Amino acid sequence: MTLRGRKFRLYPTAEQAVFLERHFGCTRKVYNHFLEVREKTYKETGKSPSTLECKRRLVEFKEQFPFLKEMNSQSLQRSVLDLGKAYDRFFTKLGKYPRFKSKKNGHQSFSVPQNFRLTGNKLFIPKLKTGIPMVQHRPLGGPSKSLTISKTPSGKYFVSVLCEAEGKPHKIVDKVVGLDGGIKTLLKSSDGKHTPNPRFMKHARKSLARAQRSLSRKRKDGKNRAKAKLRVARLHEHVANQRRDYLHKTSRRVVDDNQVICLEDLFVAGMMRNHCLGAALADTGLGELKRQVLYKASDAGRRVVELSRWYASSKTCSVCKCVNHSLTLSDRTWTCANCGVLHDRDDNAAQNLKQEGIAGLRENLKVSKPSKRLPLSFKGRRTGAALSSPARETASTQHTRAEQAGSLKQEAIRVSSNVWGSECPAFQCREDVTEGNKRGLLGPPLIERGVLSWNGKK
Ligand SMILES: [Zn+2]
């Protein structure tokens, strides 16, 4: 069972909007108060009160400010819990030190953990007698757990419902693909398909600059400033919407068309620190694309092979595996010194990712190590280092590598010539697969069996 968020647009009436605004304010007040308490106590005593202690003190705090009692008590408690989570993330080095929430921040939200009701076109939450009009454009897909109501800087209200949704495995297709992400072309796949990079932010930059310039000229706290701010927020939102839509369509196509998807495990956040590429990379949304491919593949019963980011996919010849160490980022094509084949940089990388993905898949399946984090994906082997420095390899590994290279090529041909499905009867028994999933085994064993069976190992 996986948890999925479903986001719907809310259209509150004027009174309801006031109620929501008050809710945002009260949860923010509770959050800021306890952040201050924790900071102060820590400075005085060297120890900060626990989340449980804060929750206890919330009762006194509500006595002090009676208007808090008009709000949903669980939303306020949730605010305290959120602060505890922020501290936990800080201590485990997953996040920065929690900051005070500001009223001026365009994005506001509060959670409703229980006692809400969705009727399709209305949302009922505690302490609000009337239902908030809502457009539920898709079914939830499972029982709902909790919800969060949010407001965007452009003034739109949304509700995100967390629900337990079960993915439906798609019909099996006999295709393996290697995908190379980039800035020039968003995705180049090993089957020759290219997904262009639309560069939404780059195209909106001119109008954004104009709107921001106009905002900077407006008098502080004036009405016109608020209007100009809204204009900037709307432009940003439009770019984000365009990008999200494009990425969803791209990831959906990738997952629908392929059974096994071989990707590079790119460290996008680290690459963005490069000031020459940062902005262009942020405009691509590669990190988000990968996230979407991973969860959609997991729902559809596809397998994702993540290959090490240190594997030199562009520098390695996909035909003879010879490594070209002198390749720079500006070289879009290169000729292999060993076999003389002319390579397009990204097409070659995609081919390599596909071949290494198949080999890595087989190797991982032999030891059958299920990944706990993402049931359907796992890290490929660190092939790059091994391939480029054969001196470090022992005679036996060299032997198996040579063997592997031969069978790998054969396998790639077999995969592309539509052998799967007909040769392996295991592909047809879907019940078996879902049973395996329920027991928490590694993903659907479809491919596992496919690879093992035609390999003559099982
Ligand atoms: Zn070559």
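Modeller: Two strands pair if DSSP finds at least two bridges between them. Helices (H or I, at least four residues) and strands (E, at least two) are DSSP runs, numbered from the N terminus. This is a predicted model, in which local features need pLDDT of at least 70 and side-chain atom pairs count only at pLDDT 80 or more, while totals for chains, interfaces and linings use all residues. Residues are numbered from 1 along each chain as its sequence is written.

Biologist: How many helices and strands are there in the protein chain?

Modeller: The protein chain has 13 helices and 15 strands.

Biologist: And how do β6 and β7 pair?

Modeller: Strand β6 (residues 144–151) and strand β7 (residues 157–165) are antiparallel and share seven bridges. Ser144 has Cys163 of β7 as its bridge partner, and Ser146 stands opposite Leu162 in β7. Five residues lie between the strands of this hairpin, and Gly155 takes a positive phi near 90° there.

Biologist: Which strands form the open sheet, and in what order?

Modeller: The order is β2-β6-β7-β1-β5-β4-β3, seven strands with antiparallel pairing. β2 (108–112) and β3 (117–118) are at the edges with a single partner strand each, so one side of each has no neighbour in the sheet. The partner of β2 is β6, joined to β2 by five bridges in the antiparallel sense. Ser111, for instance, stands opposite Thr148 in β6.

Biologist: Which helix lies across β2?

Modeller: Helix α1 (residues 14–45) does; α1 also lies across β5 (132–135), β6 and β7, and runs at about 90° to β2. Axes here are lines fitted to C-alpha atoms, for helices over the stretch in contact, and angles run from 0 to 180 degrees between N-to-C directions. Two residues are in contact if their C-beta atoms, placed from the backbone, lie within 7 Å.

Biologist: At what angle do the axes of α1 and α3 cross?

Modeller: The axes of α1 and helix α3 (residues 73–91) cross at roughly 40° and come within 9 Å. The two helices are therefore oblique to each other. By the cut-offs, angles under 35 degrees count as roughly parallel, over 145 as roughly antiparallel, 65 to 115 as roughly perpendicular and the rest as oblique. Among the contact residues are His23, Tyr31 and Phe34 of α1, and Leu76 and Val80 of α3.

Biologist: And what about α4 and α5?

Modeller: The axes of helix α4 (residues 200–217) and α5 come within 9 Å, crossing at roughly 170°. That makes α4 roughly antiparallel to α5.

Biologist: Changing topic, which residues touch the most other members of the largest nonpolar core?

Modeller: They are Leu179, Ile261, Cys262, Val293 and Val304, in a core of 28 residues. α9 gives the most to this core, with six residues. Apart from it lies another core of 13 residues, including Leu20, Phe110, Leu147 and Ile149. A nonpolar core is a set of buried Ala, Val, Leu, Ile, Met, Phe, Trp, Tyr and Cys residues joined through C-beta atoms within 7 Å. A residue is buried if 20 or more other C-beta atoms, placed from the backbone, lie within 10 Å of its own.

Notes
Buried ≥ 20, exposed ≤ 12 C-beta atoms within 10 Å, placed from the backbone.
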